[in-house]
Amino acid sequence: MNSWKKTLIGLTFVLIVAIAVILILGYKMLTKSLADYDGERSIAGISAKVTIYSDKFGIPLIKSENDEDAAFALGYVHAQERLFQMDIARRAGEGKLSEVLGSKLISIDKMFRTLGIFKNAKANFPLLNDASKRILIAYSKGVNSFIKEAHGKYPVEFDILGYDPEPWKPEHSMIIAKLMGWELNISWWTDIVYSQLVQKFGEQKAKELIPDYLENAPTIIPSELKQVSSISNDLINVDRSYRNLIGLTGTHIGSNNWVVNGLKSASGKPIIANDPHLGFTAPARWYFAMIRSKNWNAEGFTIAGLPSIVIGKNENIAWAMTNVMADDADFFSEKIDSTGRIYFHDGNWKPLTIYKDTIKVKNEQDVVFEIKKTLHGPIISDVHQFKNMYSKNGMVNATLSLRWTGFEFSDEIYSSILLNRAKNWEEFKEALRYFTNPGQNFVYADKNGNIGYVCAAKLPIRATNSPTFVMDGTSSANDWKGFVPYDEMPKLYNPPQNYIASANNKTVKNFPYHISNIWEPSSRIERITELLTSKTIHSVNDFEKYQMDFVSPYAKNLTRYLLDAFKGVKLKDKNLKLCLDLIGNWNYEINAKSQAPTIYNFYLKNLIKNVLNDDLPDDILKEYVFIANVPYRKINEMMEKGSSYFDDIRTPQIETKDEIIRKSLSDALSELETNYGTDLTSWQWGEIHKVVFKHMFHDQSSLLDKLINVGPFEIGGDGTTIFNTEYSFSELYDKQKNLTDPKRKEVFENKLGPSMRYIYDFGDPDYLYMILPTGESGHFMNSHYKDMTEMWLKGKYIKLPLNENEFIRNSNHSFTLLPN
């Protein structure tokens, strides 16, 4: 054999061996952190034996002799499955992301350090109920036990970023709770944007852009707003960066829940259902667990980092939650003197509270900065890393402080302890006395056949019931006057209609205090009510269908104006006529396989643009539509009542509503034909509207995305259907993106939706129906990372046995912790 052939064979062999070694080492690196569901561990921190049984989906049943050991075990399994998810979340709340992710995250760290979430947690921990402290400490010990045990085999994300997780503290769990409150706190976005509208367009034109809601107090624009300096988007931009990083995208941050009593139930007992709408991520937002201990016997959905069943049931009651959409934050325009050390309030100059803080930055120098506070709260208008004190028009930007109910002392852990143990309506109500942030609509049912509702939120008492704008901070007239007493908060018990439902809509009439002006469009609650009143008796199977419902009352209402605008109009374009025929014969189900939803959604996109973009510059339009319920509500209101905004100010003639409607459909048709061809059969909504459950490391490479992301999948619905599948309005109008590229279909990508589904029938008490969008595990090489996705997409549920003996008998794994 020739020498060159020998050399080639030798090199080939070496290459094959090298590749094999790399693959083996890579596989070991990716799988070293996978959970061990079987075996036995002697462990410090527990007082008695704890056994963790898990089923074929990795759902655990934690059996312990006391509640502290149960909390320890929950911390252990949370860390075992979701350690990186937990660590990034607490780092965000601490303002320590730059330490591991670099200088691009300085602004986010500065925002959270200025908000002081971790500082408040440290100050508030000693004030908690003793029961809360015990559970938090036990839970932290469980997390730390796993962190210590897993040293050297942490999830691969830690290896990539080059750091090890620090010990878990009880205050870190308090951070996780407050971060959920911050995520669901979106009212302040509209305060900034609406104030900018007033500054740019004046009171009357701005007022036309602010959506109304039946029975809300009239919108009152404070006269002082005219004197406020230019209002910056710095906080909005930094917070958006944080939400994009963590995967908290989407703004229909709400949910559906409903309950029927035995008179409307096939089983003769209450049936309760819940599907919270949150930004989609991989791993999932929730982790399902079952607890069996001395006084803590509950099952349901937990959040990694928190020692509680957040949504679920015990042997006596069940509960479900939706976001109140509470307006729980206000901005105050502060007057600071030239020294930057004092501020003006009620005719006097008062000293600012000032302290220095330090952000550690990976591979760079520390960043030292000052945090300033007034009596209202921290000054947050300069959180951006490269803040410019001047706006684009050269005006000095306003100095804004923030007051948020999340800054107030609260003990949600104690609330959850009482809630998880509650036996009846009175104990349920008492548990929620301590639940303040984020404000939630709690729907209730019990084994005795009762149903109920409690609005649990800390609502500020203000001088006006229309606090939609930045307030003047120089006068105490605008300061909060206290908080609405819990005993005056809306509650409902055994109503005569025999059901209760909420979908982030206005839940009470004639309430004397301001709750919100960012209620969701009524579409979802209309459809839920329609379904619950469509028949006398409902079953679990009915509820499963309702949670998968894609019919949009909003689309039904909006398209009637479209059809009316074309009545009597002679049409020459074949596709335009076909579009109108499809809309006219549509049943308003936003089905993934249908073309009518595509036409409708492109029409809506162009309608918003044609009505508003001539008046609103691109940057303001993008912010105006960011909170999706704002354009949804306003466009519908304009259709009903008319508006001066229908006129295109760029043309000499005055356009009518019908002319803009016809132009919008024509523009939608042109866009569809350009991007997807002239054959309408290829315009199926699911081809354009898809969902991807994205890992934090997404979009680094297509190969990596296939490993760590789950999807894409075709999906129906939009932001107005019970099965909420929101896409981003602001991305539709982002001029920096090439929206005319035929390959760019992800502008209608589903960002948010049901983060879980849950149904429980007290008539069949030994089973609960649940599903997650992905799975229990946070390890992308684990079979439980995405083993529920197909079921979630198809509306299938896991029928989970709640009887302890049955669960153990059918369990696939058993893991025992023994006291050391």
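Me: Does Tyr588 count as buried or exposed, and at what relative accessibility?

Reply: Tyr588 counts as buried, at 17% relative accessibility. Buried means under 20% relative accessible area, exposed over 50%, and partly exposed in between (1.4 Å probe, protein chains only). This is a predicted model: local features need pLDDT of at least 70, side-chain atom pairs count only at pLDDT 80 or more, and totals for chains, interfaces and linings use all residues. Residues are numbered from 1 along each chain as its sequence is written, and side-chain values use heavy atoms, with hydrogens and water left out.

Me: Where does Tyr588 lie?

Reply: Tyr588 lies in the loop between helix H17 (574–584) and helix H18 (596–612). Helices (H or I, at least four residues) and strands (E, at least two) are DSSP runs, numbered from the N terminus.

Me: What is the phi of Asn494, and where is its place?

Reply: Asn494 has a positive phi of about 45 degrees, although not a glycine. Its place is the loop between strand E19 (491–493) and strand E20 (499–502). Asn494 is partly exposed, with a relative accessible area of 33%.

Me: How do I read omega?

Reply: Most peptide bonds are trans. A cis bond joins Ala282 and Pro283, with omega about 5 degrees. Pro283 sits in the loop between strand E5 (271–279) and strand E6 (287–292).

Me: Which residue does a cis peptide bond join to Pro712?

Reply: Gly711, with omega about 10 degrees. Pro712 is placed in strand E22 (residues 710–714).
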